[in-house]
Every structure is written in structure tokens, then in C-alpha cells.
Amino acid sequence: MSATAVHSLWTTAATAAEPIGKIDAPKIEYGQLSPTLIVIGAAIIGILIEAFVPRRSRYYVQMFLSVVALVAAFAAVVALAAGGYGTTKAGIAAMGAIAVDGPALFLEGTILLAALVGLFTFAERRLDPEAHGNRVDSFAAQAAAVPGSESEQKAVKAGFTTTEVFPLLLFAVAGMLIFPAANDLLTLFVALEVFSLPLYLLCALARRKRLMSQEAAVKYFLLGAFASAFTLFGIALLYGYAGSMSYGTIASVVDGTVQNVTPALADTMGNDALLLVGAALIVMGLLFKVGAVPFHMWTPDVYQGAPTPVTGFMAAATKVAAFGALLRILYVVLPGLRWDWRPVMWAVAIVTMLAGAIVAITQTDIKRLLAYSSIAHAGFILAGVIATTPEGISSVLFYLAAYSFVTIGAFAVVTLVRDAGGEATHLSKWAGLGRRSPLVAAVFAVFLLAFAGIPLTSGFSGKFAVFKAAAEGGAAPLVVIGVISSAIAAFFYIRVIVLMFFSEPRPEGPTVAVPSPLTMTAIGVGVAVTVVLGVAPQYFLDLAGQAGVFVR
């Protein structure tokens with residue numbers, strides 16, 4: 001057949017068919033998406049600053065830009081909440097890709113505040129002694145230089161700093177803002193990658209212990225890539241099952257309320273294997289991000305190896321974003337599968353609480369101890385997730401808000417205790433710290449008591465809310481195991497307090513560096529939130545209660 005014949009066939013077929021309608025432009029609600037857009041815009045400007053602003057001015061420009069962006073984004077979240085987008089006007093924005101509702105706004109606000117406090121620890125430049133007349137921060141002078149090489153020494157001598165950490169932080173925050181608000185599986189996956197990739201890079205940038213830091217980043221990257229692959233495979237299977245990426249459509253197919261069933265959809269709907277395996281793989285990817293057992297293997301190594309400001313930010317903000325996404329998947333997409341996922345989550349929560357608490361007792365490094373502590377806390381929060389009641393959602397939101405500030409504050413204190421090799425993270429070096437520096441030890445003790453869940457701290461209010469919701473949701477045995485795990489965990493927190501206040505200080509022990517107002521602010525906010533949420537939590541519990549309804 002000649003080319004002209006083929007061409008005429010093609011044109012005839014086209015004319016015979018229906019006339020092609022015009023493609024509608026997408027309708028984007030820029031106002032409702034403003035918190036995320038502000039942060040992404042600032043991150044892009046931050047990259048341009050790296051290209052065009054002279055090296056000596058970059059730190060101050062980036063710092064100013066990041067603070068303004070996070071404050072403006074938080075103001076946008078508050079404005080949306082005040083405008084009723086968390087309650088009466090809650091809905092789906094961006095062509096069905098993003099949900100703007102109570103849980104999304106509450107979690108976005110928490111992430112932005114945690115990022116702002118974390119940013120202050122990133123910008124700290126007074127803890128290390130000056131190198132060649134230049135102030136230095138926690139990050140490598142030149143990330144591309146081989147650790148210990150001549151090029152690294154030249155970079156330190158020239159006073160280089162890795163100011164790229166500020167736009168990287170903003171990109172991570174942008175991904176975290178979208179992650180708990182995603183309303184379709186593709187948006188969820190893109191958000192996951194957008195916040196994971198900057199974190200992989202940030203973990204590799206420690207100024208001291210460069211090789212350990214790079215090892216942490218490689219471990220995090222490889223295991224994170226596995227988790228992402230599992231998530232993507234799960235998304236493909238769920239799409240195969242329901243014929244849609246949208247949370248609402250998948251949920252209606254799962255519980256059988258879908259309206260127009262095509263023959264193809266009828267075939268896949270009968271195949272529960274696609275649904276169960278797909279849901280399991282997606283939840284597995286989210287449990288990896290949360291750091292739940294048995295997907296927790298990366299946590300201790302990454303927390304120990306990453307620069308401490310990054311560890312604090314990551315421990316707080318990633319948990320908030322990942323638990324937000326997990327809640328939305330379980331409560332919006334899979335409520336019809338509740339009888340299938342609840343027993344599995346029970347098992348994961350029990351193992352996570354016990355393993356985190358028991359393994360933490362054996363740790364000798366303060367950052368690893370806090371890493372296992374964060375694993376135990378993931379188990380406590382899962383107890384609230386399992387409740388499957390509105391109180392379950394609001395208790396998880398409250399716990400995440402309380403936990404994130406305590407965590408950033410605790411890691412900020414860790415940056416202050418230093419010896420000749422940088423941060424003194426071995427527990428033996430913390431002996432007698434209460435006599436050498438009573439204020440720093442007292443502040444750290446407050447954070448440890450909050451982690452342990454002692455009354456009059458935010459940790460107690462959070463645990464009480466989560467356990468109460470779990471008990472009312474029919475998970476009383478889980479609460480008993482949670483209380484036992486809390487008792488085990490209290491042992492190693494109190495052990496550190498005893499070590500600080502009741503041991504003799506070593507003559508060659510570490511010193512406590514005097515920080516700039518930036519780190520003082522981070523620690524001060526942590527203490528303030530810990531005390532306020534512990535002494536008068538009711539307003540914040542009510543706020544979380546109002547924000548506890550998902551839109552579908």
C-alpha cells in the first residue's frame with residue numbers, strides 16, 4: 001500500500017470520527033495551595049541565589065529567604081484554617097490531586113513550625129571554633145571534596161560553606177507539605193521522592209566524621225529506594241484493581257459503592273489479591289518512612305551519621321508527614337479493608353513499641369539512643385492510628401505536634417556538648433554534665449522526661465490521648481503493652497538523667513559550647529511547647545479535634 005493511500009485512509013478515518021473537542025485548561029486553586037507554592041518558590045529562588053550571589057553573602061541571603069518563606073507559608077496555613085478550609089469549606093483542590101482539609105492544614109502547620117525551628121539549628125555557626133578566621137557550621141565546607149583530601153583542606157582554609165542546605169531544606173519541606181495532603185496515588189509518590197531526595201543529600205554533609213555521614217546517606221538512599229519501589233509497585237497494583245489513582249474512587253471500588261462498573265473494572269474488582277498486595281506494599285513504604293519495626297533498620301545508623309541538625313529536623317518533620325499520609329491512606333482509601341489491615345497494624349505497633357524500648361537500653365551513643373526512642377514513639381502513635389475513630393485521628397495529630405518540638409530541642413542540646421573531635425555523643429562523656437553545666441543538663445532532662453511521658457510534660461498528654469483513643473477503639477490489650485513499653489523506655493531516659501546529675505564529671509570530659517541566639521531559640525521553643533502542652537493541653541487537643549475530619 002502506498003504512502004498516499006495510507007495517508008488518505010488516515011485522514012478519512014479522522015474526518016469520519018467525531019470532531020475533537022477542545023482540551024480544557026486545568027483549574028488550579030492557587031490560594032488553597034499557597035503554603036506549598038510559597039515554599040517551592042523560595043526553594044527555586046534559593047538555587048538562583050547559589051548561582052548569582054557572591055559566596056560571602058550567600059549564607060545571610062539564604063537564611064533570610066528561608067525564614068521569610070516558612071513564616072509566610074505558616075501564615076497562609078493559618079489564613080486557610082481561619083477561612084474555614086479545615087472544616088466547612090474543606091474540599092479537593094488541583095484537579096483532585098490535593099485535599100485541603102483539617103488534618104492536612106494541621107499537619108502542614110506542624111511541619112512548617114518544626115522546619116522553622118530546625119532551620120535555626122542548621123544556621124548555627126558558633127559551636128565549632130573558628131577555622132582560619134571563618135565561622136563554621138555543622139556542614140562540610142565543600143560537599144564534593146573527598147574527606148581528608150587536600151581539596152577539602154583548601155575549602156576549609158578559604159572559608160567555603162555549603163549554603164545549598166537551605167534550598168535543600170525548603171525542597172524537603174515542600175514535599176512534606178504535599179505528602180499528607182495528597183489525594184491521589186501519583187501525587188503521593190511524587191511528594192515522597194521530592195522530600196526524600198533532599199534528605200539523602202543532607203545526611204551526607206556532616207563537617208566532622210565525614211565518612212560516617214556519607215555511609216549514613218548511602219544506607220538511607222539504598223533502603224529508601226527499596227521502600228519507594230515497593231510503594232510504586234503497590235500503586236500500580238491498586239490502579240490495576242480500581243482503574244483509578246484517585247483516593248475517593250479507589251475507596252468506592254473497595255467498599256462496592258462504585259457507580260458505573262465497566263466489564264474491565266468488574267473483572268479486576270473481583271481480584272482481591274491485587275487489592276491486598278497493593279495496599280500492603282503502599283503501607284509498607286509508609287511504615288518505612290515512619291521507622292516502624294521491621295522497616296526501621298536505617299533509623300539508628302542514619303540518625304547517628306547525619307549532621308545533628310539534619311537528624312533533628314528529619315526525626316520530627318518526616319514522622320509528621322509520613323503519619324499524615326498513612327492516616328489518609330487507611331482512613332480515606334482503605335476503610336473498607338479495616339478488618340484486614342487492623343490485625344497487621346496491631347502486630348506492627350506491638351513489635352515497634354517493645355523493640356524500640358528494649359534495644360534502646362543497650363545503646364551507648366546518645367544519637368542512637370534517641371533513634372531507638374523514636375522507633376518506640378512510632379509504635380505509640382500507631383496505637384492511635386489503630387483506633388479507627390475521630391478521636392484516633394485527633395490524638396495522633398496532637399502527639400505528632402508535641403513530639404516534633406521535643407525531638408528538635410533534644411537534638412539541638414546534643415549539638416552543644418562537644419570535645420576536640422566535635423560532638424561528644426558517647427554516653428560516658430555525658431557523666432557529670434549536670435555539675436559542669438546545670439542549665440543544659442536540666443533542659444535535656446526536661447526533654448527526656450517528656451519522651452518518657454512523665455506527667456506535666458507534653459509527652460504525657462500525647463500518650464494519654466493516644467492510649468485513651470486506642471482503648472475506646474477496642475484496642476485495650478495494645479494499651480497495656482504500650483504502658484509496659486513506656487515503663488521500659490522510662491528506665492533508659494532516667495538512666496541518662498542519673499548519669500548527668502549523680503556521676504562525677506571526668507577531668508578530660510567535654511565542654512558545653514555557648515550557642516548563638518539561633519540554637520537558644522530552638523531549645524527555648526522546645527522547652528516552652530513541652531511545658532505548655534503538658535500543663536494546659538486542652539486548647540491544643542480541641543484544635544486537633546476540630547482538625548480531625550478527612551474530606552473524601
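## Salt-bridge network

In this predicted model, a network of salt bridges links Glu215, Lys219, Asp301 and Arg368. Across the whole structure, a search finds 15 salt bridges. Three further pairs are described below.

## Bridges between two loops

Arg208 and Asp128 form a salt bridge in which the closest N and O atoms are 3.0 Å apart. The two residues belong to distant parts of the chain, 80 residues apart. Arg208 sits in the loop between helix H7 (185-203) and helix H8 (210-242), while Asp128 sits in the loop between helix H4 (102-122) and helix H5 (150-157). Asp128 is buried because its relative accessible area, 10%, is under the 20% cut-off. Arg208, at 31%, is partly exposed.

Asp137 and Arg207 form a salt bridge as well, and here the closest N and O atoms are 3.8 Å apart. Asp137 is in the loop between H4 and H5 and Arg207 is in the loop between H7 and H8, so this pair ties together parts of the chain that are 70 residues apart in sequence. Asp137 counts as buried, with a relative accessibility of 5%. Arg207 is also buried, with a relative accessible area of 14%.

Lys154 pairs with Glu150 in a salt bridge whose closest N and O atoms are 3.6 Å apart. Both residues lie in helix H5, and because they are four residues apart, about one helical turn separates them. Lys154 is exposed, and Glu150 is exposed too.

## Packing of helices H13 and H15

Helix H13 spans residues 308-333 and helix H15 spans residues 366-386. Their axes come within 12 Å and cross at roughly 20°. This angle is under 35 degrees, so H13 counts as roughly parallel to H15. The crossing of the two helices is right-handed.

On the H13 side, the contact is made by Thr308, Thr311, Lys319, Phe323, Leu326, Leu327, Leu330 and Tyr331. The residues they meet in H15 are Lys367, Ser374, Ala378, Ile381, Leu382, Gly384 and Val385. By type, the residues of this contact comprise nine nonpolar, four polar and two charged. Lys319 in H13 and Lys367 in H15 are among the residues of the contact.

Technical notes. Residues are numbered from 1 along each chain as its sequence is written. This is a predicted model: local features need pLDDT of at least 70, side-chain atom pairs count only at pLDDT 80 or more; totals for chains, interfaces and linings use all residues. Side-chain values use heavy atoms; hydrogens and water are left out. Axes are lines fitted to C-alpha atoms, for helices over the stretch in contact, and angles run from 0 to 180 degrees between N-to-C directions. Angles under 35 degrees count as roughly parallel, over 145 as roughly antiparallel, 65 to 115 as roughly perpendicular and the rest as oblique. A crossing is left-handed if the near helix is turned anticlockwise from the far one by less than a right angle, and right-handed if clockwise. Contact means heavy atoms within 4.5 Å. Ala, Val, Leu, Ile, Met, Phe, Trp, Tyr, Cys and Pro count as nonpolar, Asp, Glu, Lys and Arg as charged, and the others, Gly among them, as polar. A salt bridge is a side-chain nitrogen of Lys or Arg within 4 Å of a carboxyl oxygen of Asp or Glu. Buried means under 20% relative accessible area, exposed over 50%, partly exposed in between (1.4 Å probe, protein chains only).
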